[in-house]
Amino acid sequence: VTERLKYVVGETRCRLYDWRHNVQTCGDVSVTSLGDVGENVDHAAPYMPSHPKFLDGTIRNLGIDYSRYVFVDLGSGKGRVLLVASEFPFERIQGVEFSGSLHEIAARNVKRYSSRSQRCKRVEPIHGDAIKYEFPRSPTVIFMFNPFGPAVLLPVLRNLEASIAQFPRDVLLLYMAPYYGDLI
């Protein structure tokens, strides 16, 4: 009974968030339902939206001058993390998603997002492979829930390491479900 109640409460909160902000971020999406995603499909994780209150608390507790940072979500799915991050005054926000269908939903959500407390309007969903993503050269907050396995995570981390070596700056990595945390 308790697990069922948690599920119902979670779904209700999810739908309330979507209704309140005129978006569609609810609903898990299996890897097989992601559509044409290219060669890294075997290393993908399903889309599961993060809880807004959890995201807000995580970002709120960073202790940074947000306006100096670019916020990047790797595996941005339907864009919920981007939307919650836009409630903070980041320099700009980018989300990288390799699923064309999820990217289209995220782009639509960014356009439709309605919030009087939104503080960053420079929100850019990017349709692309995280391995090929070029990290911003300014201070960066990188958010990953658990978007992909080691075959993608390792090249992404190598690219990040090279980027930091070439352009030294402050980078915060938020890895929320660190199944492969030992690689970091």
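Rings of Phe, Tyr and Trp (its six-membered ring) pair if their centres lie within 6.5 Å, and planes under 30 degrees apart count as stacked, over 60 as edge-to-face and the rest as tilted. With that in hand, select Tyr66, Phe71, Phe88, Phe90 and Phe143: ring pairs link them into a cluster. Before going on, note that this is a predicted model, where local features need pLDDT of at least 70, side-chain atom pairs count only at pLDDT 80 or more, and totals for chains, interfaces and linings use all residues. Residues are numbered from 1 along each chain as its sequence is written, and side-chain values use heavy atoms, with hydrogens and water left out.

Searching the whole structure turns up five aromatic pairs. Zoom in on tyrosine 66 and phenylalanine 90: the ring centres sit 5.3 Å apart with the planes at 80 degrees, so this pair is edge-to-face. Tyrosine 66 comes from the loop between H2 and strand S1 (70-74), and phenylalanine 90 from the loop between helix H3 (80-85) and S2, 24 residues apart. (Helices, H or I of at least four residues, and strands, E of at least two, are DSSP runs numbered from the N terminus.) Are these two residues buried or exposed? Both tyrosine 66 and phenylalanine 90 are buried, where buried means under 20% relative accessible area, exposed over 50% and partly exposed in between (1.4 Å probe, protein chains only).

Next, show the strands. Five of them make an open sheet, ordered S3-S2-S1-S4-S5 with parallel pairing; two strands pair if DSSP finds at least two bridges between them. At the edges are strand S3 (123-127) and strand S5 (171-175), each pairing on one side only. For a closer look, pick strand S4 (residues 140-144), which runs parallel to S5 and is joined to S5 by five bridges. Threonine 140 has valine 171 of S5 as its bridge partner.

Now for the sulfurs: select cysteine 14 and cysteine 26. They form a disulfide, with sulfur atoms 2.0 Å apart; the cut-off for that call is a pair of cysteine sulfur atoms within 2.5 Å. Cysteine 14 is in helix H1 (residues 2-21) and cysteine 26 in the loop between H1 and helix H2 (52-60), so the link ties together parts 12 residues apart in sequence. The link is left-handed, at -135 degrees about the S-S bond. Cysteine 14 and cysteine 26 are both buried.

Last stop: asparagine 22, in the loop between H1 and H2. Most residues other than glycine have a negative phi. Asparagine 22 has a positive phi, near 60 degrees, and is partly exposed at 37% relative accessible area.
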